[in-house]
Amino acid sequence: MTSSFIAVADEVSKAVADHRPVVALESTIFTHGLPRPRNIEVAEEAEQIVRDAGAVPATIGVHRGVPTVGLTREEIVELSNDDDVLKSGIRELAIGAVNRKNAGTTIAATSFLAHRAGIAVFATGGLGGVHHGASHNFDESADLVALANNPIVLVSSGAKAVLDIHATLERFESLSVPIVGYRTQAYPGFYVAESGFTVAHRVETPEDVAVIYGAQRQMGLPTALLVGNPVPVAEQLDPTLLDGVIEKAWAALEDQGVKGQAVTPFLLEFIRQETGDASLDANVALYRNNASVAAQIAVALGDRAEAR
Ligand code: PSU
Ligand code: MN
């Protein structure tokens, strides 16, 4: 292992050493993004989906201060039920050495830890990005820069619908982070299949993704490869419902003066309540689908030497 401060589960480190398929999964989705007890069910189901597709799951989070790649079932349950659980980006990772608290890792921190552990593929729900009003509040997710600096394949259903999607896509362009649509030309809209923006490149198969990623690695490109995988249309949130709810969520955020790391969880929880859990169902559906596609990509990567 690259660092004695990061704990890696035996099953994961063996699979990485043997070049067998592994899929990283984040923990903020179950510590801050989903309500109990559904958070635990979803975390466990994602692992099972990855296993069923022939890959080893590595759920990543901070357990009692230790960044851990491959949380055990007990550790996932502990984080899921912890009322004091923190949200850890990259800059919080070392602080755990002193506070010894549990934390969910964001996409930024999970990408960093996955890459450090030699894992190439990561499945999540929706990306962080440029927040609404960022031109005056400067609120941009650290996910953006982390994805410019950690060469992993990240399967998501686009950026979170509460963000400024146009600005987020512009920032990914500035940061030279490539985005491909998985069997679509539309940039996915998280809870909905289409965000209203398009991607320049569409891929048809897990093998296509593996080939592009292998080429990136061969060239020594430092960035992630983003795979936009839309929620199945049958399971998406009603798009007309969504537009109105987002406006209300932004107003509530402003009203209550919510800032910093609390912004994203606040907005998602607000939308869940306003939609009577329909957004939650869509979130779970898209996450399942992303775990499945990520596992297929990990299998397609196989032991391609060029993709290491
Ligand atoms: N999924 C959820 N809720 C969340 C997140 C994901 O259902 O809160 C997290 C992701 O881990 C993402 C982070 O990296 O939100 C972005 O938060 P911020 O805007 O503070 O960077
Ligand atoms: Mn922020």
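Predicted model: local features only at pLDDT ≥ 70, side-chain atom pairs only at ≥ 80, totals over all residues.
Residues are numbered from 1 along each chain as its sequence is written, and local features are used at pLDDT of at least 70.

Helix 12 covers residues 263-274; a helix here is a DSSP run (H or I) of at least four residues, numbered from the N terminus. From first C-alpha to last, helix 12 reaches 17 Å, close to the 16 Å expected at 1.5 Å a residue, where the span is 1.5 Å times one less than the number of residues. Because 9 of its 12 residues are buried, helix 12 is largely enclosed by the rest of the structure; buried means under 20% relative accessible area with a 1.4 Å probe, protein chains only. Among the buried residues are Val263, Thr264 and Phe266. The buried residues pack against partners including helix 11 (239-256) and helix 13 (278-301). Just after helix 12, Gly276 takes a positive phi of about 55 degrees.

A pocket is an open set of points on a 1 Å grid, where a 1.4 Å probe fits, with protein on both sides within 12 Å along at least five of seven lines; lining residues have an atom within 4 Å of a point. The largest pocket holds about 970 Å³ of space. Its lining has 48 residues, and His131, Asp139, Gly260, Val263 and Thr264 lie nearest the centre.

The second largest pocket has a volume of about 360 Å³. Of its 21 lining residues, those closest to the centre are Gly118, Ile119, Ala120, Ala307 and Arg308.

Notes:
Chains lettered and ligands numbered in written order. Heavy atoms only, no water. Helix = DSSP H or I, 4+ residues; strand = E, 2+ residues; numbered from the N terminus. Buried < 20%, exposed > 50% of the residue type's maximum accessible area, 1.4 Å probe, protein only. Contact = heavy atoms within 4.5 Å. Points joined across faces, edges and corners; volume = space filled by probe spheres on them.
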